[in-house]
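Let's walk through this structure together, one stop at a time. Keep the picture open and follow along as you read.

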Amino acid sequence: MNFAIFRCCPASVLLKQYEKSTDAVMAALGVGLVDIKEFNCCGHPLKNYDYKAYLLASVRNLCVAEKYNLNILTVCNCCYGNLKNADHIMREDASIREEIGGILNREGLRYNGVIKIRHLLDFLYNDVGLDQIRQKQVKTLNKPKIAVHYGCHILRPREIAEFDSPEEPSKFDQLVEAAGAQSMDWNAKVKCCGASVFGVNDNLAMDMTEMKVNEARKAGAEFLCVSCVYCQLQFDRVQKMLGDKRKNIKPLPSILYTQLLGLCLGIDAETLGIHQNQISISGILDFMG
Amino acid sequence: MVHMVFNVLLYTSLGIFVLGLIYKISTWFTWKVGLLSEDITTATRFFAAIKGALGVIFSAKILTVVKVFILDVLCERRILKEDALRWLMHMLIFYGFMLLLLMHALDNFFSEQLFSDFYPTVNPFMFLRDLFGLLVIAGVAIALYRRFIMKIPRLKTNSMDHYAIIIVAVIMISGILLEGAKIISHGEFQSMVEEYGDLDDEEEIAALESFWVAEFGVVSPNVKAPFDEEILAQGRETHEAVCADCHSAPQWAFTGYAAGKVLSPMALTLDKIGGVDILLYIHFLACFVGLAYLPFSKMFHIIASPLSLIANAVMDLEKSDPANIATRQIMELDACTHCGTCTTRCSVGVTSELFKNASILPSEKIAAIKALASGKELGEQEIRHLQEGVYLCTNCHRCTDVCPVGINLQELWFNVRETLLKKGYPEFLTLTPFSYYRGINSGRMTEAQYLLPLKTAKGAIEDACRQIDAEGGVVPPTKWGDRAKKQLKITSDADTFSHCFSCTTCSTVCPVATNYGNDLEILGMVPHQMMQAVILGTPELVYRSGMLWDCLGCYECQQHCPQGVHITDIFYALKNLAIDEITEKRSS
């Protein structure tokens with residue numbers, strides 16, 4: 001099976017380990033990833049400024065994927081939610097379809113709405129399946145305590161995200177447990193990480209992150225686990241900055257799900273970029289059986 | 001006479017070229033762009049550059065330089081990686097032109113020194129000259145095809161690109177026509193006979209002439225085909241004795257010969273009006289114009305681009321002397337060839353038409369940045385366009401990754417962004433996730449500098465909304481404009497606001513409201529109040545509330561609303577409206 005991999009813009013500079021670990025895990029699972037040069041921003045940062053520009057950028061990606069006849073696999077909740085939302089609007093609203101479609105026609109692109117937008121977790125849970133994930137493991141993790149962070153746009157709004165229950169989700173927990181970790185029950189599991197206002201209102205963004213870290217610690221977690229570029233940037237880079245600014249914070253390392261799963265699949269720490277995180281996650285290696 | 005004119009023109013254009021070169025290189029040390037260069041003097045930058053260059057030459061880094069020079073400069077690896085057709089185009093033009101320059105234009109200095117038997121009319125040199133010319137022409141043809149027929153989305157072609165293509169084309173075409181005109185010219189034939197022939201016998205000359213007309217395409221007013229076999233045989237004999245040693249068959253100059261065939265109906269007229277001399281002047285003039293104007297045209301990349309590639313390979317942001325980075329960033333502006341690779345890969349380029357702002361496209365920003373760096377006062381409109389252009393960037397690094405001349409564009413945008421924001425024009429993009437990268441890099445500037453643009457944007461919103469206060473704090477219900485209605489329609493089902501009955505669920509679940517303890521001093525309004533303000537038709541009340549701009553877009557409110565109000569989507573519509581209206585108010 002092949003997917004057009006949708007990498008999320010800041011990852012190539014700030015989160016290389018996500019690209020590396022995704023590639024390695026997908027290769028191990030026998031999934032082909034195609035990098036399409038023509039992809040552009042999912043439109044997420046444009047929504048505050050000009051919704052039409054967001055739709056244009058987002059829909060263009062769907063058209064490009066259509067040209068290559070490949071479904072899209074995203075590794076970021078914002079990309080996922082925004083592409084799906086744009087797809088939804090294109091189906092529902094004839095005047096938008098005409099306007100946005102018309103602009104894209106000028107560069108020879110067509111929207112027929114045939115492309116499926118998948119999130120990494122959605123693909124792993126629904127297509128690969130927990131059994132397969134367990135079977136493919138060559139190493140077992142010795143139950144590290146993990147607080148699963150879902151992130152917003154994989155859950156909400158429900159009719160767009162279509163992944164799991166927005167109130168009581170469990171699929172990511174199951175995926176983490178399938179990888180040999182212990183998923184902790186905690187209060188702020190479905191709350192926002194704060195990333196979308198970082199750079200606009202840093203105090204608020206850090207408040208959100210701090211709240212999440214405190215709640216996860218309270219539940220006894222040793223790691224956060226995420227599957228979104230912005231959430232990981234927030235829990236890794238920004239939490240590090242937070243540690244420098246607010247002295248009473250005890251940093252909680254955040255591991256990407258692809259890194260966690262990669263370890264179980266026997267992929268080496270170097271390939272997974274385990275040492276590239278800002279707040280070290282190398283403690284996870286102590287849990288390797 | 002021709003010789004003297006030639007010399008005057010040559011030395012004049014050479015002089016302009018050298019002065020231009022000195023001027024352009026001096027700007028690398030005097031022009032400034034961005035945070036880094038502000039407090040660094042020209043002298044510091046000059047000496048830092050010398051020290052840096054020596055440091056590279058006398059260290060292991062010289063190996064990197066050699067590697068980059070071979071792979072990226074000579075083999076143009078970075079172009080090949082991105083686009084094979086463009087690589088072919090550039091290799092043809094670059095190598096064709098360089099070889100012509102060395103073998104043909106500078107034959108006194110190179111060909112004659114290297115090859116003792118060099119003579120431009122003798123093979124292989126005669127053939128090679130035409131071959132190299134053909135390479136360049138093929139390259140130019142690909143360039144024309146790419147720029148004008150392929151229709152690559154958002155690839156812009158400006159007057160400098162036209163100039164570059166035209167000057168190369170004129171040099172090449174005039175050269176080929178000149179060669180063709182010479183091949184068929186009877187006058188040329190006569191003067192060659194006089195100069196090299198040492199022939200007195202009229203009959204012998206006539207036989208030679210017949211032979212050249214029959215075999216080599218010379219057009220003669222005296223003799224015409226068909227020729228007597230005997231005369232031709234005599235002509236051949238003379239040719240072999242007198243000409244052949246220093247003149248290969250003109251057919252070997254295949255492009256010129258073909259051009260001659262086309263020109264031959266006009267050959268006698270050309271001879272009469274001195275066609276060869278005219279073409280000679282055009283060819284020389286084009287070369288001299290190209291030389292004199294080189295430092296000021298995009299052809300200057302011949303010098304700046306290799307330096308940019310090398311500088312970027314041996315420098316890095318953290319370790320290099322800031323003075324050298326400041327210098328490099330100016331040099332990079334000259335290295336840009338306006339090839340448009342960055343623009344075709346730009347992650348937000350697709351929005352440039354919608355916003356009617358070409359400065360969103362990386363390749364189009366460079367010109368405005370050059371003006372900014374030179375210290376020229378830009379108009380407000382120009383500044384705002386460039387500011388929007390550099391802020392509307394996801395910092396995906398693709399422009400930098402693909403730049404064939406290795407310009408660190410992303411770093412350039414960062415610097416220009418901060419320079420422009422200091423000018424105090426509100427940039428509402430600061431209130432979007434485009435600010436994320438700036439937030440991550442906040443440590444690179446003072447806190448005041450970091451916060452200023454955010455305050456300016458918020459302040460502009462507050463200013464625009466303050467008009468409401470003027471009327472004694474009583475807000476008149478207004479009818480929503482058509483645009484507002486349209487905007488509310490674009491985000492899916494955003495017109496659901498009218499279903500709100502103020503149950504306050506949204507305000508209760510909102511993580512932002514919760515974080516601030518529902519403090520209206522900070523938030524202005526909480527979500528359910530904002531829905532009521534929309535129902536009342538007073539969106540201005542919402543624009544100024546902190547809650548709107550602090551909204552995380554997490555969709556908790558929308559998810560929990562028992563009435564199915566698309567609160568988060570409505571917030572997006574309101575933010576768009578606020579920015580639209582305030583921008584319009586400011587510009588009117």
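From H10(B), the residues B:Glu204, B:Ala207, B:Leu208, B:Ser210, B:Phe211 and B:Ala214 meet B:Ile231, B:Leu232, B:Gln234, B:Gly235, B:Arg236, B:Thr238 and B:His239 of H11(B). Two residues are in contact if their C-beta atoms, placed from the backbone, lie within 7 Å. Helices (H or I, at least four residues) and strands (E, at least two) are DSSP runs, numbered from the N terminus. The residues of this contact of H10(B) with H11(B) divide into six nonpolar, five polar and two charged. Here Ala, Val, Leu, Ile, Met, Phe, Trp, Tyr, Cys and Pro count as nonpolar, Asp, Glu, Lys and Arg as charged, and the others, Gly among them, as polar.

Before going on, a word about what you are looking at. This is a predicted model, in which local features need pLDDT of at least 70 and side-chain atom pairs count only at pLDDT 80 or more, while totals for chains, interfaces and linings use all residues. Residues are numbered from 1 along each chain as its sequence is written, and chains are lettered from A and ligands numbered from 1 in the order in which they are written.

How do the two helices cross? The axes of H10(B) and H11(B) (residues 229-243) come within 7 Å and cross at roughly 95 degrees. That makes H10(B) roughly perpendicular to H11(B), a term for angles of 65 to 115 degrees.

Now look at the loop between helix H9 (186-197) and helix H10 (202-216) of chain B, where you will find B:Asp198. Although B:Asp198 is not a glycine, its phi is positive, about 55 degrees. Most residues other than glycine have a negative phi, and most peptide bonds are trans. B:Asp198 is exposed, with 8 other C-beta atoms within 10 Å; exposed stands for 12 or fewer such atoms.

B:Asn123 and B:Pro124 are joined by a cis peptide bond, with omega about 5 degrees. B:Pro124 sits in the loop between helix H6 (111-114) and helix H7 (125-149) of chain B. In chain A, a cis peptide bond links A:Arg156 to A:Pro157, with omega about -15 degrees.

Finally, see where the chains meet: 47 residues from chain B and 45 residues from chain A take part in the contact. On the side of chain B that touches chain A, the residues divide into 25 nonpolar, 17 polar and five charged.

Notes:
A residue is buried if 20 or more other C-beta atoms lie within 10 Å of its own, exposed if 12 or fewer, and partly exposed in between; C-beta atoms are placed from the backbone. Axes are lines fitted to C-alpha atoms, for helices over the stretch in contact, and angles run from 0 to 180 degrees between N-to-C directions. Angles under 35 degrees count as roughly parallel, over 145 as roughly antiparallel, 65 to 115 as roughly perpendicular and the rest as oblique.
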